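Please keep the sequence and the model in view.

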Amino acid sequence: DLNIEIVNSKSQTKLYDKRDNFNFNIIRMPYKLSNIASKMFYSAMSAEILRICKATTNFQDFTNCTKLLIERMEKQGGLIKPMKNALLKLFNQHKKCFRKFKKADHFILNKLF
């Protein structure tokens, strides 16, 4: 779902997930040790980060949501270096989407890790 707010006469959007309000853990993304190729694990993470980027107008909201995803993926077996590489590839392939934040790729990467 999408959370839409009006701030200073401008609309701001970010993802809203009711599962964040549950008082129990929900498996949302694959585990690296599941029966999938390692590349699929990191591709799933990248796809979710792209979805977050497309739905979010504010950089701080983007980093907050993405950091939670990265922490979850790390707990599920993700390794930092391949996650960073997947993100750099994502930034390169979807420059237009990330351009709205007016931040360099490495700056975003440093904020997330």
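**Reading a pocket, its lining and the aromatic rings**

A: By class, the lining of the second largest pocket consists of five nonpolar, five polar and two charged residues; Ala, Val, Leu, Ile, Met, Phe, Trp, Tyr, Cys and Pro count as nonpolar, Asp, Glu, Lys and Arg as charged, and the others, Gly among them, as polar. This is a predicted model, in which local features need pLDDT of at least 70 and side-chain atom pairs count only at pLDDT 80 or more, while totals for chains, interfaces and linings use all residues. Residues are numbered from 1 along each chain as its sequence is written, and side-chain values use heavy atoms, with hydrogens and water left out.

Q: What volume does the second largest pocket have?

A: Rolling a probe the size of a water molecule over the atoms shows where empty space is left. The second largest pocket has a volume of about 210 Å³.

Q: Which element gives the most to the lining of the second largest pocket?

A: Helices here are DSSP runs (H or I, at least four residues), numbered from the N terminus. Helix α1 gives the most, with six residues. The elements that give two or more residues to this lining are α1 and α3 (80-93). Among the lining residues are Tyr42, Ser46, Ala86 and Leu90.

Q: Is Ser46 buried or exposed?

A: Buried means under 20% relative accessible area, exposed over 50%, and partly exposed in between (1.4 Å probe, protein chains only). Ser46 counts as buried because its relative accessibility is 11%. Ser46 lies in helix α1 (residues 38-55). Leaving aside neighbours within four places in sequence, Ser46 is in contact (heavy atoms within 4.5 Å) with Ala86 and Leu90.

Q: How many aromatic pairs does the structure hold?

A: A pair of aromatic rings is described by the distance of the centres and the angle of the planes. Rings of Phe, Tyr and Trp (its six-membered ring) pair if their centres lie within 6.5 Å; planes under 30 degrees apart count as stacked, over 60 as edge-to-face and the rest as tilted. The structure holds seven such pairs. Phe41 and Tyr42 form an edge-to-face pair, 5.0 Å centre to centre with 90° between the planes. Phe41 counts as buried at 0% relative accessibility, and Tyr42 counts as buried at 9%.

Q: Which residues do ring pairs link into a cluster?

A: Ring pairs link Phe59, Phe62, Phe91, Phe98, Phe101 and Phe107.

Key
On a 1 Å grid over the protein atoms alone, a cavity is a set of points where a 1.4 Å probe fits but cannot get out, and a pocket is an open set with protein on both sides within 12 Å along at least five of seven lines; lining residues have an atom within 4 Å of a point. Grid points are joined across faces, edges and corners, and a volume is the space filled by probe spheres set on the points.
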